[in-house]
Amino acid sequence: MRHIHEQAIVRRLQTAQGHLKKVLSMVEDDTYCIDILNQSKAVQQALRKVDELVLDRHLRSCAVKHIKQGKTDTAVNEIMSVFKRL
């Protein structure tokens, strides 16, 4: 399961990287601003999906492990700290 999650995360990061390279190229080429913004939104969406996958992986592995070990507060505090930064 972990390997599958890692592959999905890497694929999403590569997608984000490709979109970001395109944004850079568009800025350097003085592309129409709205087109740049649309491409930038694609980068942001790809990174949001990475965040979802990483959080899912964390909840299914690390958080469950903490809870089983009786460290519920640790699990909850970690997750809450992420949401507070959003």
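Tutor: Begin with the terms for exposure: buried means under 20% relative accessible area, exposed means over 50%, and partly exposed is in between. Note also that this is a predicted model.

Student: By that scale, is cysteine 62 buried, partly exposed or exposed?

Tutor: Cysteine 62 has 35% relative accessibility, so it counts as partly exposed. Cysteine 33, with a relative accessible area of 55%, is exposed.

Student: How many disulfides does the structure hold?

Tutor: A disulfide requires a pair of cysteine sulfur atoms within 2.5 Å. The structure holds zero disulfides.

Student: What should I look for in the backbone angles?

Tutor: Most residues other than glycine have a negative phi. Aspartate 30 has a phi near 55°, a positive value in a residue other than glycine.

Student: Where is aspartate 30 found, and is it buried or exposed?

Tutor: Aspartate 30 lies in the loop between α1 (2–28) and α2. Its relative accessibility is 69%, so aspartate 30 counts as exposed.

Student: Let us turn to the helices. Which residues does alanine 16 contact, leaving aside its neighbours within four places in sequence?

Tutor: Contact means heavy atoms within 4.5 Å. With those neighbours left aside, alanine 16 is in contact with Val43, Ala46 and Leu47. Alanine 16 itself belongs to helix α1, and it is buried because its relative accessible area is 5%.

Student: How far apart are alanine 16 and glutamine 44 in sequence and in space?

Tutor: They are 28 residues apart in sequence, while their C-alpha atoms are 7.6 Å apart in space.

Student: What does glutamine 39 touch, not counting residues up to four places away in sequence?

Tutor: Glutamine 39 touches His19, Lys22, Val23 and Met26 on that count. Its place is in helix α2, which covers residues 33–68. With a relative accessible area of 18%, glutamine 39 falls under the 20% cut-off and is therefore buried.

Student: Which residues form a nonpolar patch on the surface?

Tutor: To join a patch, a residue needs over 30% relative accessible area and no salt bridge, and nonpolar side chains are joined within 5 Å. Here Tyr32, Ile34 and Leu37 form such a patch, with about 340 Å² of accessible area together.

Student: Take isoleucine 34 from that patch. Where is isoleucine 34 found, and what is its relative accessible area?

Tutor: Isoleucine 34 is found in helix α2. Its relative accessible area is 43%, so isoleucine 34 is partly exposed.

Methods
Residues are numbered from 1 along each chain as its sequence is written. This is a predicted model: local features need pLDDT of at least 70, side-chain atom pairs count only at pLDDT 80 or more; totals for chains, interfaces and linings use all residues. Side-chain values use heavy atoms; hydrogens and water are left out. Helices (H or I, at least four residues) and strands (E, at least two) are DSSP runs, numbered from the N terminus. Buried means under 20% relative accessible area, exposed over 50%, partly exposed in between (1.4 Å probe, protein chains only). Patches are made of residues with over 30% relative accessible area and no salt bridge: like charges are joined within 9 Å, nonpolar side chains (Val, Leu, Ile, Met, Phe, Trp, Tyr) within 5 Å. Accessible areas come from the Shrake-Rupley method with a 1.4 Å probe; for residues, only the protein chains shown count as cover. A salt bridge is a side-chain nitrogen of Lys or Arg within 4 Å of a carboxyl oxygen of Asp or Glu.
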